[in-house]
Structure formats: C-alpha cells, structure tokens
Amino acid sequence: MDPFLKKFFPNVYRRMKEDTKLSNYCKFNSQLLTLFTSSLYISGLISSFFASPVTRAFGRRASMFVAGVAVLTGSALGGAASNVYMLVFGRIFLGIGLGFGNQSIPLYISEMALPKYRGAMTIIFDSGVGFGVLIANIINYFTEKIEGGWGWRISLSLAAVPASILTLGAIILPETPNSLIQNTNNREKARRVLQRMRGTSNVQAELDDLIKAGSISKTINHPFKNIMERKYRPQLIMAAAIPFFAQMTGINVITFYAPILFRTIGLHESSSLLSAVVIRSFSASCIVISMFAVDRYGRRVLFMIGGILMLATQITIGGLLTALLGDHGGLSKASAFSVLVLICIYVCGFGLSWGPLGWLIPSEIYPLEIRSTGQSITVAVSFFFCFLVGQTFLAMLCGMKSGIFFFFGAWVAIMTAFVYLFLPETKNVPIEKMEKVWREHWFWSRIVGDQVDEELYKLDN
C-alpha cells in the first residue's frame, strides 16, 4: 500500500514514484524493507528451538497457546505502529507465534488423526494457512481503498482474529494421547482420548504401540544429540531437506512479493493487489484438491505432478520476461495477463505438492522419542531459508532480473529428483510403525535396517 510505504519506507516510495531511470527490477531493492519482512523468519527460527522442549515437556497444547498469545501481541504492535521499530517488533512477535505454532500444530493433527486420513487432516493445516493468506490479500485489496491512508492498520490488526481462535482452541482441546503417555504416563486418560477420537472402544492395539513408543522416549534425555544417531539418519536428513527444498521453490518470494512483482511488470497498485488475491485463490483451491488426493494417490505422486508444473511455468515465465520486459517500461496487458496465468499454475503446482506435503511429511516420519525435536529442526530450517531468501530476494531480483525464475526452476528440478529417489511412500502407514518404510527403502535400508531391527528386538523382549 502506498500510504504504508510512504510512512515507513519513504526511500522506496520515492524511487517507485519519481525515479524513472532506475531499472524496473531494482525499484524495491531496500534492505530496510526486506528486514521488515525477514524479521518474522529470524524470530521464528530462534523460537522454534525453544518450542521443542516446551512441546516435549508440557505438551502440544502449551506450545499452541504460546503461539496464539504471541500473534495477539504482534498484531497489536503492528496495528498501532507509529515507527518502523514498532513494526519490526510486531513482526518479531508474529515470528515467535509461527515458530511455536508450526512446531506444535502439525504434530497435534498427525497424532490425533487416523492413519488412513492423516494426510488429509494434516493438509487442513496448510489449507487453513492458504485460505488465511487469501483472506489477508482480500482485506489488503479493500483496505487500500480507505481514504486517509490508515487501511494498513486494519490489515495488520486483524491477525488477532485467528490468533484468538488458536488461543481458545489450545485451552479447550484435549491433549494428544502420545503426549499424555510421554509426559504423564496417564494411560487411562490416553485411552479415553483415543476412544473419543477413534469413535470405538477397541483401541488397545494402538494404545500398546503408544506405550511402547513412550517407553523409548523416556530413555532419551538429550533428543538433539540422539537425533544425530545413525538409526535416525533418514529422519534427520528429511527434517532438513524437506523445508530447505520447500523454500527453494521460490514460493515465498512470489506470494509475499506478488504485489511488488506485478508492479515491477507495470501494473498499478490496485491491480497488483487484486492479482495477489487471484494467485492465492488458485493456491488455496489446489491445496484443497491435495487434501482429497493425498491419501488416495500417495505423497510421491503429488510431488511429481507439482514438480513438473512448477518447473515448466518458471522456465516459461523467465523466458517471457527475458524477451519482453526490459529495465524500463512495462508489459502489455496481454503479456501481464499471461504472466499472471503462469504464476497461478505455478502456485497451483506448489499447492498440490510442496505446500501441504512440506508440513505433512515431517510431521509423520519421526518416532515419538525425537518427534518434537525433529519438528523443531524442520521449522528452524524452514524459517532460516525463509529469512535468507526473503532477505536477498529483492537484491537478487535487481541483479539477476528475469533470470531469478531460472534459478528457482533449477532447484525445483533437483528437489523433484530427490523425492523420486529418496523419499519413501508413507500413505496409510500408522505413525508409530513408520520405521518400516525406511527398512524397506532401497537406499535407507542400507543405513538403518540392522539398527532398527535390533531396537525392535530389544523392545519385544
């Protein structure tokens, strides 16, 4: 929004409005602007390491409560901001909320869901994020039209609405049976929660699996040290690789900077905000499709489809901008519309694959004894590369110009090959029996097969 830029980032606003000699790709290159955006990620990165012991010691609900309170604080600071420091502090609290929320919510859903519905249920988390961002873009579109230039305050303050719902949910929802066994060893309470969630009294087999997993978890005193052991090598690699690759798709720079991208190619403010709404609508719709498809067709199929769509569209967008957009001027309406359509296809590919599956896969592959630790590593890596890419994107856009799409396209090709070769299918596998997918995989069985078999033998005896 122009009033927001004019108040907090006047140099960017002045370059955008007055400097006709500056390259289209460099008008928004401001370290202060990227610091505002990226401060959320660095605070999320740091808080994710605090979230792990909180989640492990006090349960999933405790971390969810912290997340809700932190976002409430951040939204209040952002909406009332009178200078850029208040804005950044507000973003820091929002990052703390995301650090705790992303660490605990996917775990909560995975542990509560039936194995045959776990994929769909966990993707509800990402679809909620997608629809939330869509609603935020719609709000931005309408509040930008408010006379007086204070509409941005409404946009920032309304983050308190979902934060209030999350805080209330953390208070009234039951704790997961896994967490109850791990923290309190209250087997009867865990049984009642299982019976309520499964809709049947016959839950003894699942409860026995939880008790066995809980027994192992109680022997782990230093989870960050234990996760480095060879038997957890596949989970550790996936904990880092999945969020790293998800960020290297380039999705965050496209979604967060979508209005800037469209203003770069010549659209006006309202048109660029409306384009962002259209993009998020496609993304949210494809996440819903993924939710219904993931437990039927499997995770790997969606990764392949999404990878092909993203690679093809990024190469095409890069080619179009290379041919049609120079340092000055803009694109024709037809060309700008073509770029919009291609970006919509791109975000749809992400919404089918790396968007929801980037959170689903890590939440379901860890054994109980390292689950909160593994998830915190996933969240930390995600935030680190969100921060790194977000902090460097505008400078990269200025330096690489349209070549930035080829850059991210190359990473999509690499990550699609990685999934094809090294990620086993986890569809319909009970979360406490997930170790078998690694023992049966062509590559990981060479690393973990003997050690997992030995551990199971000890437990059975």
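Which side chains meet in a salt bridge at 2.7 Å, N to O? They are those of arginine 198 and glutamate 206. The two partners differ in cover. Arginine 198 counts as buried because its relative accessibility is 13%, under the 20% limit. Glutamate 206 has 27% relative accessibility, so it counts as partly exposed. This is a predicted model, and every value here is computed from it.

Now step back to the whole chain. The protein has 461 residues, and 55% of them are buried. The fold is built with 23 helices and zero strands. Take the contacts with a sequence separation of 6 or more: 79% of these join residues 24 or more positions apart. The accessible surface amounts to about 19300 Å². Carbon and sulfur atoms hold 66% of that surface.

Charged pairs come next. Side chains of opposite charge can pair when their charged atoms come close. The structure holds nine salt bridges. One of them joins arginine 118 to glutamate 364, with the closest N and O atoms 2.8 Å apart. This pair links distant parts of the chain. Arginine 118 sits in helix H6 (residues 118–143), while glutamate 364 sits in helix H19 (residues 354–365). The sequence gap between them is 246 residues. Both arginine 118 and glutamate 364 are buried.

Glutamate 364 has another partner. Arginine 299 forms a salt bridge with glutamate 364, and here the closest N and O atoms are 3.0 Å apart. Again the pair links distant parts of the chain: arginine 299 belongs to helix H17 (residues 299–324), glutamate 364 to helix H19, and 65 residues separate them. Arginine 299 and glutamate 364 are both buried. Which residues make up the network of salt bridges around this point? Arg118, Asp295, Arg299 and Glu364 are linked in it.

Turn to the nonpolar interior. In soluble globular proteins, nonpolar side chains tend to be buried together. The largest nonpolar core in this model has 65 residues. Within that core, Met238, Trp354 and Leu357 touch the most other members. Helix H13 (residues 233–248) gives the most to this core, with nine residues. Setting aside residues up to four places away in sequence, tryptophan 354 touches Ile242, Phe245, Ala246, Thr249, Phe303, Met310, Met415 and Val419.

Is H20 largely enclosed by the rest of the structure, or largely open? It is largely enclosed, because 23 of its 30 residues are buried. At 10% relative accessibility, valine 389 counts as buried. Its position also brings together separate stretches of sequence: valine 389 and serine 38 are 351 residues apart along the chain, but 8.7 Å apart in space, C-alpha to C-alpha. The helix is not straight. H20 bends by about 45 degrees at phenylalanine 393. Just after H20, lysine 401 takes a positive phi of about 55 degrees.

Aromatic rings give a last view. A pair of aromatic rings is described by the distance of the centres and the angle of the planes. The structure holds 17 aromatic pairs. Phenylalanine 384 and phenylalanine 385 form one of them. Their centres are 5.0 Å apart, and the planes stand at 85 degrees. That angle makes the pair edge-to-face, because it is over 60 degrees. Phenylalanine 384 is partly exposed, with a relative accessible area of 36%. Phenylalanine 385, at 18% relative accessibility, counts as buried.

Phenylalanine 422 and phenylalanine 443 form an edge-to-face pair as well, 5.2 Å centre to centre with 70 degrees between the planes. This pair links distant parts of the chain, 21 residues apart. Phenylalanine 422 is in helix H21 (residues 403–422). Phenylalanine 443 is in the loop between helix H22 (435–439) and helix H23 (445–460). With 25% relative accessibility, phenylalanine 443 counts as partly exposed.

Notes: Residues numbered from 1 in each chain as written. Predicted model: local features only at pLDDT ≥ 70, side-chain atom pairs only at ≥ 80, totals over all residues. Heavy atoms only, no water. Buried < 20%, exposed > 50% of the residue type's maximum accessible area, 1.4 Å probe, protein only. Core = buried A, V, L, I, M, F, W, Y, C linked by side-chain atoms within 4.5 Å. Helix = DSSP H or I, 4+ residues; strand = E, 2+ residues; numbered from the N terminus. Contact = heavy atoms within 4.5 Å. Phe/Tyr/Trp six-rings, centres within 6.5 Å; stacked < 30°, edge-to-face > 60°. Bend = angle between axes of the 7 residues up to and from the residue. Areas by Shrake-Rupley, 256 points an atom, 1.4 Å probe, with all protein chains shown as cover. Salt bridge = Lys/Arg side-chain N within 4 Å of Asp/Glu carboxyl O.
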